[in-house]
Amino acid sequence: MSKIIVIGSISMDLVMETSRIAQEGETVFGDKFSMVPGGKGANQAVALGRLSADGDQISMLGTVGEDAFGSLLKDNLRANKVETEFVGTVPLSSGIAQITLHNHDNRIIYCPGANSEVHPEKWDSQWELISQADLVILQNEIPHEANKIIAEYCKDKKIKLLYNPAPARDTDHEMIALVDYFTPNEHECQDLFPDQSLEEVLKTYPNKIIVTLGSKGSVYCDGREIKTIAAIKAKVVDTTGAGDTFNGALALALAKEASIDKALKFATLASHLSVQKFGAQGGMPSLKEMKENEHYEENWNFE
């Protein structure tokens with residue numbers, strides 16, 4: 001049994017599929033429009049919920065708006081085995097991500113809305129929930145000040161913390177010393193460490209910084225050498241949410257005390273399956289689907 005808490009954004013994704021990207025001042029026709037639940041925090045919570053076994057407890061802390069999306073977003077979390085007792089409602093719009101899908105890749109504009117109203121300094125019983133966690137997950141679609149307060153608390157209480165610095169911001173450097181696992185993608189890592197090579201960064205933070213490289217897999221330093229976990233080739237339908245799937249699966253494995261190498265292989269399979277269906281959450285696999293895949297390793301034993 002594992003208790004994992006995701007603290008972060010809960011948003012609605014407005015997705016336009018198109019065969020042509022509009023230039024400045026131009027209008028083009030889209031091929032298909034969809035409205036699907038998203039937000040990095042919610043995505044990672046849903047990934048965890050679907051991979052969780054009986055007895056695991058996945059909880060979401062965050063905020064939705066007083067609009068038509070708010071109740072839909074909370075219902076979606078509960079439908080995916082995520083507890084929502086501490087998902088609040090504020091008199092703002094819910095978070096919105098405007099996503100354009102073109103040529104099997106995505107472009108995203110994000111408006112935080114209610115996600116900007118996550119204020120840990122006002123929490124009470126939320127801290128008691130966090131104190132019981134095996135692992136906490138944070139991302140960058142809520143205010144940095146909130147992330148820092150939570151990270152300091154987890155550091156003080158010796159609670160494992162996985163921090164996904166996405167999208168990257170300058171204040172991410174303040175978080176590195178406070179967290180156990182730091183998971184930027186390749187572009188975010190370059191933004192954060194513009195004067196260092198990837199190898200230098202990994203060697204400076206062994207067993208802490210894990211960099212995802214898309215179709216090239218992921219890398220980290222085990223204290224002696226740089227280790228690469230290769231991606232699994234897939235027929236890609238939609239990459240939206242692949243990173244969130246990866247982080248959710250990684251967190252689950254780490255909470256169950258898997259080695260980094262073993263946890264990364266588990267996360268790699270989860271993200272491999274996720275890109276083969278439409279939507280940030282649409283392709284996120286269940287534990288059953290993971291076990292049915294030829295790449296699943298029986299010795300993972302994450303139940």
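Reader: Which residue forms a salt bridge with Lys-148?

Author: Side chains of opposite charge can pair when their charged atoms come close. In this predicted model, Lys-148 forms a salt bridge with Glu-174, and the closest N and O atoms are 3.2 Å apart. This pair links distant parts of the chain, since Lys-148 belongs to helix H4 (residues 144-157) and Glu-174 to the loop between S9 and S10, 26 residues apart. Glu-174 counts as partly exposed at 38% relative accessibility, and Lys-148 counts as partly exposed at 29%.

Reader: How many salt bridges are counted?

Author: The count comes to twelve salt bridges. One of them joins the side chains of Lys-40 and Asp-244, at 3.6 Å from N to O. Lys-40 lies in helix H1 and Asp-244 in helix H7, so this pair ties together parts that are 204 residues apart in sequence.

Reader: Is Asp-244 buried or exposed?

Author: Asp-244 has a relative accessible area of 4%, and the cut-off for buried is under 20%, so Asp-244 is buried. Lys-40, at 21% relative accessibility, counts as partly exposed.

Reader: Where do Asp-75 and Arg-78 lie?

Author: Both lie in helix H2, three residues apart, which is about one turn of the helix. Asp-75 counts as partly exposed at 41% relative accessibility, and Arg-78 is partly exposed with a relative accessible area of 43%. Salt bridges can also form a network, as they do in linking Lys-227, Asp-261 and Lys-265.

Reader: What else may be read from helix H2 (residues 68-79)?

Author: Ala-68 is found in this helix. Ala-68 is exposed, with a relative accessible area of 62%. Ala-68 and Ser-94 are 26 residues apart in sequence, and their C-alpha atoms are 8.7 Å apart in space.

Reader: Let us turn to the strands. In what order do the six strands of the open sheet stand?

Author: The order is S5-S4-S1-S8-S9-S10, and the pairing is parallel. Strand S5 (83-90) and strand S10 (181-182) stand at the edges with a single partner strand each, so one side of each is left without a neighbour in the sheet. Strand S4 (residues 57-65) pairs with S5 in the parallel sense over six bridges. Gly-65 stands opposite Val-90 in S5.

Reader: Which strands does helix H1 (residues 40-51) lie across?

Author: Helix H1 lies across strand S1 (3-7), S4, strand S8 (135-139) and strand S9 (160-164), and runs at about 155° to S4. Helix H7 lies across S1, S8, S9 and S10, and runs at about 170° to S9.

Reader: How is the packing of two helices described?

Author: Two packed helices are described by the angle between their axes and the distance between the axes. Here, helix H7 (residues 242-255) and helix H8 (residues 260-274) pack at an angle of about 145°, with their axes 8 Å apart. The crossing of H7 and H8 is right-handed. Residues of H7 that take part include Phe-246, Leu-250 and Leu-254, while those of H8 include Ile-260, Leu-264 and Phe-266. By class, this contact has 13 nonpolar, four polar and no charged residues.

Reader: How do strands S11 (residues 211-212) and S12 run?

Author: S11 and S12 run antiparallel, and two bridges join them. Val-211 stands opposite Val-219 in S12. The two strands form a hairpin with five residues between them, and Gly-214 in the turn has a positive phi of about 65°.

Reader: How many bridges join S12 to strand S13 (residues 226-229)?

Author: Four bridges join S12 to S13, and these strands also run antiparallel. Val-219 stands opposite Thr-228 in S13. The hairpin of S12 and S13 has four residues between the strands, and Gly-223 takes a positive phi near 105° there.

Reader: Which residues lie on each side of strand S12 (residues 218-221)?

Author: Ser-218 and Tyr-220 lie on one side, and Val-219 and Cys-221 on the other. These four residues are all buried, and both faces of S12 are covered.

Conventions: Residues numbered from 1 in each chain as written. Predicted model: local features only at pLDDT ≥ 70, side-chain atom pairs only at ≥ 80, totals over all residues. Heavy atoms only, no water. Buried < 20%, exposed > 50% of the residue type's maximum accessible area, 1.4 Å probe, protein only. Pairing = 2+ DSSP bridges. Axes fitted to C-alpha atoms, helices over the stretch in contact; angles between N-to-C directions. Left-handed = near helix turned anticlockwise from the far one by under 90°. Contact = heavy atoms within 4.5 Å. Nonpolar A, V, L, I, M, F, W, Y, C, P; charged D, E, K, R; others polar. Salt bridge = Lys/Arg side-chain N within 4 Å of Asp/Glu carboxyl O.
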